[in-house]
Amino acid sequence: MKSKLFLIAAGLLMSGIISAQEKPETAGKIMDDAFKLASKEGKSVMIVFHASWCGWCKKFEASVADSSCKDFFDKHFIIKYLDILERADKKDLENPEAIEVYKKYGGQGGGIPFFLIFDKDRTLLSDSKVRAAGDGPEKPPQNIGCPASEDEVVAFIKILEKATKISNAEKTAITERFKKNKS
């Protein structure tokens with residue numbers, strides 16, 4: 001009887017440990033680790049807010065990881081994804097503190113994916129909000145999310161130009177890959 005109780009207690013303890021290990025890291029820890037690595041490697045940090053249900057988020061991730069432009073992103077960025085805005089049954093996927101970071105940098109109301117680009121010293125260089133051609137100061141910038149249209153891709157390239165030294169060949173590769181997201 002004692003051994004049976006011991007096994008049950010051990011099983012419950014192990015399931016608690018496993019559950020605790022599966023809990024997502026906090027946004028602060030993820031970002032701190034990213035900045036440490038960026039400083040060590042001389043790169044910028046790209047923080048991408050996304051959710052498991054978001055099709056555009058998946059397109060963004062696939063584009064960044066695509067062999068046609070992966071080398072560019074790996075060379076210039078430490079990219080980290082923060083999970084936010086999950087449905088009720090998947091709230092456990094969200095990174096604690098991530099929604100506060102999203103709101104702090106003006107992501108609310110613009111949807112996801114939403115990204116921020118920082119230099120290695122934590123200075124914000126850019127985000128994914130842009131003004132469309134002809135928009136006046138009275139119209140707030142809009143989140144381009146996952147660039148797909150011609151205008152969005154052009155805006156994305158301008159954002160990357162602010163944060164990196166991007167060659168014409170890299171611009172072409174990124175433009176062509178992200179335009180595929182339109183279909």
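R122 is partly exposed in this predicted model, with a relative accessible area of 42%. The residue sits in the loop between β3 and β4 (124-127). R122 is not a glycine, yet its phi is positive, at about 75°.

L85 shows a positive phi as well, of about 55°, and is likewise not a glycine. The loop between β2 (77-83) and α5 holds L85. Its relative accessibility is 36%, so L85 counts as partly exposed.

A further backbone feature lies at I112 and P113. The peptide bond joining these two residues is cis, with omega about 0°. P113 belongs to the loop between α5 (98-104) and β3 (114-118).

The cysteines were examined next. A disulfide is a covalent bond between the sulfur atoms of two cysteines. The count here is 1 disulfide. C54 and C57 form this link, with an S to S distance of 2.4 Å. The angle about the S-S bond is 80°, and the link of C54 and C57 is right-handed. Both partners are buried: C54 has a relative accessible area of 4%, and C57 has a relative accessibility of 1%.

C146 has its closest cysteine sulfur in C57, at 8.5 Å. The cut-off for a disulfide is 2.5 Å. The sulfur of C146 is therefore too far from that of C57 for a bond. C146 is buried, at 4% relative accessibility. C69 also counts as buried, with a relative accessibility of 3%.

Conventions:
Residues numbered from 1 in each chain as written. Predicted model: local features only at pLDDT ≥ 70, side-chain atom pairs only at ≥ 80, totals over all residues. Heavy atoms only, no water. Buried < 20%, exposed > 50% of the residue type's maximum accessible area, 1.4 Å probe, protein only. Helix = DSSP H or I, 4+ residues; strand = E, 2+ residues; numbered from the N terminus.
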